[in-house]
Amino acid sequence: MPETITSRDAARFPIIASCTLLGLYLFFKIFSQEYINLLLSMYFFVLGILALSHTISPFMNKFFPASFPNRQYQLLFTQGSGENKEEIINYEFDTKDLVCLGLSSIVGVWYLLRKHWIANNLFGLAFSLNGVELLHLNNVSTGCILLGGLFIYDVFWVFGTNVMVTVAKSFEAPIKLVFPQDLLEKGLEADNFAMLGLGDIVIPGIFIALLLRFDISLKKNTHTYFYTSFAAYIFGLGLTIFIMHIFKHAQPALLYLVPACIGFPVLVALAKGEVTEMFSYESSAEILPHTPRLTHFPTVSGSPASLADSMQQKLAGPRRRRPQNPSAIYEESNPKDPAAVTESKEGTEASASKGLEKKEK
């Protein structure tokens, strides 16, 4: 289930991120960098395989033939026994998921053994896509608080100290995308890289996704704000690269991305007279097309696809109404004979007990 970021979460996020960054910096200064990176490599090896498998699964399903023997599996891990039994893991998957997991494992082994920049970028893109998918902003004001706070965070830790650059260069994990600057000279064995942190992708990404949902809520069959913010992101990223090339110094990407991603859509809203609608929009109240809506949270687990299919079948099925006996209703509403009243009550209790037994079965 996606997690919604509230304004309180957005205000605390830069503080938590600063503590985490400073903690990593101290770890690299105190402990051996080799052992820390070995531990982090194993951790991101597992996470990267799962994230990449989840990302490529929808694309891989198009290439499986109809005759492919697709079997269903279930991974169940419980704790306790009897009435105290508690499910720890209950996950349903099929043969196609196993194929995607196998392909992702090949990339994972490649990354673990070689730390190749292509494998790093595949994992980084998978993490970014999953981050944008699973993190939601509830409104534009929360997005502005989050982006504004991280704007100050990025500028301070890049220009004010060497903490950000030191951690980024020391951290051997797919938390950044790397771009070889000597690709034409050394080909795939390039070793001189420019870096872009995944935070510079995910944080503006969830804001752009919010504007896409706002476009859909307007019901005008246009994606004006989405395309505007997307073009603004490309412009801000290009400006970051240009400034970095001119001054030959690491640049905080959010210094250029935040004004562009917030400023351009707000200018469009001012021109169209929709500023009030933009800032009053609440994403949590909007249901996207073809998205099943959970009105309650049942104790059912499984893959997202199987859960969505079962929900759509329940929603599409006809609603049954329990048949009622008119004579019994009449007798209950007109109790002339005490014996008839007694028979009516006994019949009601008997039908209720039968209905309860059927429900239990």
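Asp 9 counts as partly exposed because its relative accessibility is 28%, where partly exposed covers the range between buried (under 20% relative accessible area) and exposed (over 50%), calculated with a 1.4 Å probe on protein chains only. This is a predicted model, in which local features need a pLDDT of at least 70 and side-chain atom pairs count only at pLDDT 80 or more, while totals for chains, interfaces and linings use all residues. Residues are numbered from 1 along each chain as its sequence is written, and side-chain values use heavy atoms, with hydrogens and water left out.

The partner of Asp 9 is Arg 12, with which Asp 9 forms a salt bridge whose closest N and O atoms are 3.2 Å apart; a salt bridge here is a side-chain nitrogen of Lys or Arg within 4 Å of a carboxyl oxygen of Asp or Glu. Arg 12, with a relative accessible area of 41%, is likewise partly exposed. Both residues belong to helix H1 (residues 7-30), three residues apart, about one turn of the helix; helices (H or I, at least four residues) and strands (E, at least two) are DSSP runs numbered from the N terminus. An α-helix has 3.6 residues a turn, so residues three or four places apart point the same way.

The structure holds five salt bridges, and Asp 182, Lys 186 and Asp 191 are linked in a network of them. Lys 186 is partly exposed, with a relative accessible area of 44%, whereas Asp 182 is buried at 7% relative accessibility.

The unreviewed UniProt entry lists residues 12-28, 35-56, 134-159, 193-212, 224-247 and 253-271 under "transmembrane region"; its positions are given in the numbering used here, feature names are shortened, and annotations may be inferred rather than shown by experiment. In the model, residues 12-28 are 100% helix and 0% strand, with end C-alpha atoms 25 Å apart, while residues 193-212 are 70% helix and 25% strand, with end C-alpha atoms 33 Å apart.

Helix H2 (residues 33-60) has 28 residues, which at 1.5 Å a residue should span 40 Å, and the 38 Å between its end C-alpha atoms agrees with this; the expected span is 1.5 Å times one less than the number of residues. H2 has a kink of about 25 degrees at His 54, shortly before the proline Pro 58, the bend being the angle between axes fitted to the seven residues ending there and the seven starting there.

Val 140 lies in helix H5 (residues 140-160) and, at 1% relative accessibility, counts as buried. Beyond its neighbours within four places in sequence, Val 140 contacts (heavy atoms within 4.5 Å) Phe 207, Leu 210, Leu 211, Met 278 and Phe 279. The C-alpha atoms of Val 140 and Phe 207, 67 residues apart along the chain, are separated by 7.7 Å.

The protein chain averages a pLDDT of 81, and 78% of its residues score at least 70, pLDDT being the predictor's confidence in each residue, from 0 to 100. Among its elements, helix H10 (residues 254-272) has the highest mean pLDDT (95) and helix H13 (residues 326-333) the lowest (46). pLDDT stays under 50 over residues 326-345, for which the model has seven contacts beyond four places in sequence. Where pLDDT is low, the predicted coordinates should not be read in detail.
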